[in-house]
Amino acid sequence: MVMVSIMESPDGGGGGAMVQQTEEDLGPPWLRPLLSTSFFVACGAHPDLSKNECNLFCLGCTGDALCAYCLPAHRDHHVVQIRRSSYHNVIRVSEVGKLIDISHVQTYVINSAKIVFLNGRPQARPGKGVTNTCEICCRSLPDSFRFCSLGCKLGGMRWDPSLTFAIRPKRGQDSGDGSGSDYDSFSPKKVRKTGYELGRFDRGIRWSDDEGSKSNTAPITPTTPPINRCRPSRRKGIPHRAPFYG
């Protein structure tokens, strides 16, 4: 196990106690290649095939991005799907949350799925009234978060030794092998079933309520049933001629 020494300083000046972090704390071997890989480009191995956009990544090989036609060569590997929102790469929390600790990172809900951004999205001018921003790229954040992406958290680990990507078992939790986890691994059978969904997100982003927002949840009230404005069609009867009066 390789130990990485970091100088902990309350004011960030570089002096203070020596703190050591392990490679496990700094993230798995596939994390940095994932953050630096270019996605949504044409696959070089299948240039003549349609729908050859590379939006998959093999965590075991940590090579270039893959398209759907590359999956047979990674049949027994753990492959995750990268999606896009506002021209930025994102990954679902259900896929990455079981592999690394994503605490302190802002999550979003897009198309009913919770996601995190891979890399930072610098914001030159925070909006008025903003009290909390990402410690790396200065993007506006809710008060309960410190980073806007996985890449920003990785950058923050340079001076904050308390940050880690290693998942620590909770107290009273069985530290098994995770065979019962429900994250979405990308198997060839599942890809065939979904038809290689390569579309991008096209809906808006809203904040997620996964950290420190229990007090802000509004009570659920029953909704008003919709009003049916369509009149039921009635079958016409036999027409009768008006009587003649002499």
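These are my notebook entries on a predicted model of one protein.

**Entry 1: ground rules**

I number residues from 1 along each chain as its sequence is written, and I take side-chain values from heavy atoms, with hydrogens and water left out.

**Entry 2: confidence**

I looked up pLDDT (the predictor's confidence in each residue, from 0 to 100), and found a mean of 74 for the protein, with 63% of its residues reaching 70 or more. Over residues 1-18 the value is below 50, and this stretch has 32 contacts in the model beyond near neighbours in sequence, a contact being heavy atoms within 4.5 Å. Residues 175-223 also stay under 50, with 68 contacts beyond four places in sequence. Where pLDDT is low, the predicted coordinates should not be read in detail.

**Entry 3: overall layout**

I counted four helices and nine strands, taking both as DSSP runs numbered from the N terminus (helices H or I, at least four residues; strands E, at least two). Their order from the N terminus on is β-β-α-β-β-β-β-α-β-β-α-α-β. Of the 246 residues, 35% count as buried, where buried means under 20% relative accessible area, exposed over 50% and partly exposed in between, with a 1.4 Å probe and protein chains only. The accessible surface comes to about 16700 Å², of which 51% belongs to carbon and sulfur atoms; these areas come from the Shrake-Rupley method with a 1.4 Å probe, and for residues only the protein chains shown count as cover. Among contacts between residues at least 6 apart in sequence, 52% join residues at least 24 apart.

**Entry 4: strand 8 and its partners**

Which strands pair with strand 8, and in what sense? I found strand 6 (residues 88-92) pairing with strand 8 in the antiparallel sense over three bridges, and strand 7 (residues 108-110) joined to strand 8 by three bridges, also antiparallel; two strands pair if DSSP finds at least two bridges between them. Strand 7 and strand 8 form a hairpin with two residues between them, and Asn-111 in the turn has a positive phi of about 55°. Four of the five residues of strand 8 (residues 113-117) are buried, so I read strand 8 as largely enclosed by the rest of the structure.

**Entry 5: the nonpolar core**

I then looked up the largest nonpolar core, which has 46 residues, and in which Trp-30, Phe-39, Ile-100, Val-116, Leu-118 and Leu-150 have the most contacts. Such a core is a set of buried Ala, Val, Leu, Ile, Met, Phe, Trp, Tyr and Cys residues joined through side-chain atoms within 4.5 Å. Among the elements that give two or more residues to this core are strand 6, strand 7 and strand 8, together with helix 1 (31-36) and helix 3 (150-156). Leaving out residues up to four places away in sequence, Leu-150 touches several residues, including Ile-100, Val-116, Phe-117 and Leu-118.

**Entry 6: His-74**

Leaving aside neighbours within four places in sequence, His-74 is in contact with Cys-58, Cys-61, Leu-66 and Val-79.

**Entry 7: salt bridges**

The structure holds three salt bridges, each being a side-chain nitrogen of Lys or Arg within 4 Å of a carboxyl oxygen of Asp or Glu. Arg-83 forms one with Glu-95, the closest N and O atoms being 3.3 Å apart; Arg-83 lies in strand 5 (residues 83-85) and Glu-95 in helix 2, twelve residues apart. Both ends are buried, Arg-83 at 12% relative accessible area and Glu-95 at 2%.

Arg-146 forms a salt bridge with Glu-135, with closest N and O atoms 2.7 Å apart, and both residues sit in the loop between strand 8 and helix 3. Asp-160 also forms a salt bridge with Arg-146, again with 2.7 Å between the closest N and O atoms. I therefore record Glu-135 as partly exposed at 36% relative accessible area, and Asp-160 as buried at 14%. Glu-135, Arg-146 and Asp-160 are linked in a network of salt bridges.

Methods. Predicted model: local features only at pLDDT ≥ 70, side-chain atom pairs only at ≥ 80, totals over all residues.
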